[in-house]
Amino acid sequence: MPKLVLKAGSRPPWVGLAAAVWIQIAAGNGYNFPLYSSALKSIMGYNQQQVTILGVANDIGESVGILPGIACNKFPPWAVLFVGTVLCFLGYGTLWLAVSQTVQNLPYWLLWLALCIATNSSAWLGTAVLVTNMRNFPLSRGTVAGILKGYIGLSAAVYTVIYTTVLNDSASKLLALLALGLPVLCLALMYFVRACTPASGEDSSEHVHFLFTQAASVLLAIYLLSTTVISDTVSLSDTVSYILIAIMVILLMSPLAIPVKMTLFPAKKLGPPVNSSDDLVGSNQTDPLLTPSSSATNLGSFYESEDASDVETLLAVGEGAVKKRKRPRRGEDFKFREALIKADFWLLWFSYFLGVGSGVTVLNNLAQIGVALGVDDTTMLLALFSFCNFVGRLGSGVVSEHFVRSRLLPRTFWMICAHIIMILAFLLFASSLNGAIYVATALLGICYGVQYSTMVPTASEIFGLRHFGIIYNAMGLGNPIGAILFSAILAGYVYDAEAAKQGGSTCLGPDCFRLTFLVLAGVCGLGTVLSIILTIRIRPVYQMLYAGGSFRLPQISNH
């Protein structure tokens, strides 16, 4: 069990956040599937439904994070990150062997499994940095979630720029980069992502630091979009391409300016650390939020101990040493099995599942949608989706944080807005109007990002941070399940049926995905209804947590 040894207000939390930016870019490796899916299809001779099922493997690996969620409470962040690097190397290494034709005729099931393993690295890398930084900055969890989820949303644009400028649109070179470059990067940075005791109270300088990080990410997003457009319209020399990449690297390093500034211009010493629900499991200090009743003085922090078994708990209750622990209320720390029996958990899960499941269907088939609707260069669509995905992730973190503090407005209100806009986006896709695909892709990218960044802090506020890793990843299962139902079964079947009518394996025209888009619009309609119900139910939770205009930890009555 990791032990907290770092003092409050020290530089490591900001160093860890700067390192997390790079690791989040690495964790976005799953967004590369549209860049090499066409190569897999042509080299291996697959049909569209086979490629779509590979896309499902991509989503399953990326989103199944129950194990890393559990591991975050058992092992230090570097150990969780190390597992991610190993999976990344093994999975993408196997895919590279197939696409480069170094090994001929690899079976379909092996590539499916390799893709699951490769993208499962995203779950390990992303969970480690997200859980650690949410616990390091518990009073700004919406902002932190927006920043980190924003950078992972930008990762697709980062890879697209590298793919088009340096790798010369080579799928085999891209897979080699993912298999070798990402593990090396994560191994170099894993030491800097570590648990720290949060500083006590609100800090004005922390707000300024977050603003700087957000501004730097917006500048990077604009730069990436501009670079993609330029490289798509103008032929660039190798020298210019490398200069563009160097500027991108500098922008990615900008969050490091915060700990550098804190080193050169140290602030006055802050107060003692706050003991909150975000203290990492395994701290030897007694957590005042989980203090047992006076009759249990001799047992001290019995309830906080994650090593105490259920059997020991029952024996202690039977002997009268402690009173039976009451079930937590919303806003307090829930165990995973306690959260599972709550209606709010399933309302949030289904709202999220319907939103990201429909969104990932378009993302997985974006290249084929572009070809069907007459778009010559589908990498532009991916760059647009990535940029707007980033805007949705970062923007929803900032906007929801403002309104939750000023108006006590539950963050799920923005999920309602996202579902409604997604309905309009799918209807635009189905209309096949000239240029509508770009508008629809942009709207869908924004809403897809909003769904992600809203779910993360909402889950932590309703169910607490102590078991946030596993609860967050359980929510994330909505992504692969949605991909199976809406992408593999629905979109793949409709596409292949239309292609068969045209007498080939490639489908052209608006009918290739029209039925899929109309069904997805209906799915988002259901998501809107569920999000409204959830928002009404959890309004009292936000009135309790943010009554003073800033986040305050709920006080738990003695048991």
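The largest cavity holds about 200 Å³ of space. The closest residues to its centre are Glu62, Ser63, Lys149, Tyr452 and Tyr472, out of 16 residues that line this cavity. The model is a predicted one.

**Cavities**

- Across the whole structure, a search finds six cavities of 30 Å³ or more.
- Four helices each supply at least two residues of the lining of the largest cavity: helix 3 (48-63), helix 6 (108-136), helix 7 (141-165) and helix 19 (468-476).
- Helix 6 gives the largest share of that lining, with four residues.
- Sorted by class, the lining of the largest cavity comprises seven nonpolar, six polar and three charged residues.

**Helix 14 and helix 20**

- Two packed helices are described by the angle between their axes and the distance between the axes.
- Helix 14 (residues 343-364) packs with helix 20 (residues 478-501) at an angle of about 50 degrees, and their axes are 7 Å apart.
- On the side of helix 14, the contact is made by Trp349, Phe353, Leu354, Val356, Gly357, Ser358, Val360, Thr361 and Asn364.
- On the side of helix 20, the contact is made by Gly478, Asn479, Ile481, Gly482, Ala483, Leu485, Phe486, Ser487 and Ala491.
- By class, the contact of helix 14 with helix 20 has ten nonpolar and eight polar residues, with no charged residues.

**Helix 7 and helix 8**

- Helix 7, which also supplies at least two residues of the lining of the largest cavity, crosses helix 8 (residues 171-189) at roughly 125 degrees, and the axes come within 10 Å.
- That angle makes helix 7 oblique to helix 8.
- The crossing of helix 7 with helix 8 is right-handed.
- Which residues of helix 7 meet helix 8? Tyr159, Ile162 and Tyr163 of helix 7 meet Ala171, Leu174, Leu177, Leu178 and Leu182 of helix 8.
- The contact of helix 7 with helix 8 consists of eight nonpolar residues, with no polar and no charged residues.

Key:
Residues numbered from 1 in each chain as written. Predicted model: local features only at pLDDT ≥ 70, side-chain atom pairs only at ≥ 80, totals over all residues. Heavy atoms only, no water. 1 Å grid on protein atoms, 1.4 Å probe; cavity = no way out; pocket = protein on both sides within 12 Å on 5 of 7 lines; lining within 4 Å. Points joined across faces, edges and corners; volume = space filled by probe spheres on them. Nonpolar A, V, L, I, M, F, W, Y, C, P; charged D, E, K, R; others polar. Axes fitted to C-alpha atoms, helices over the stretch in contact; angles between N-to-C directions. Contact = heavy atoms within 4.5 Å. Parallel < 35°, antiparallel > 145°, perpendicular 65-115°, else oblique. Left-handed = near helix turned anticlockwise from the far one by under 90°.
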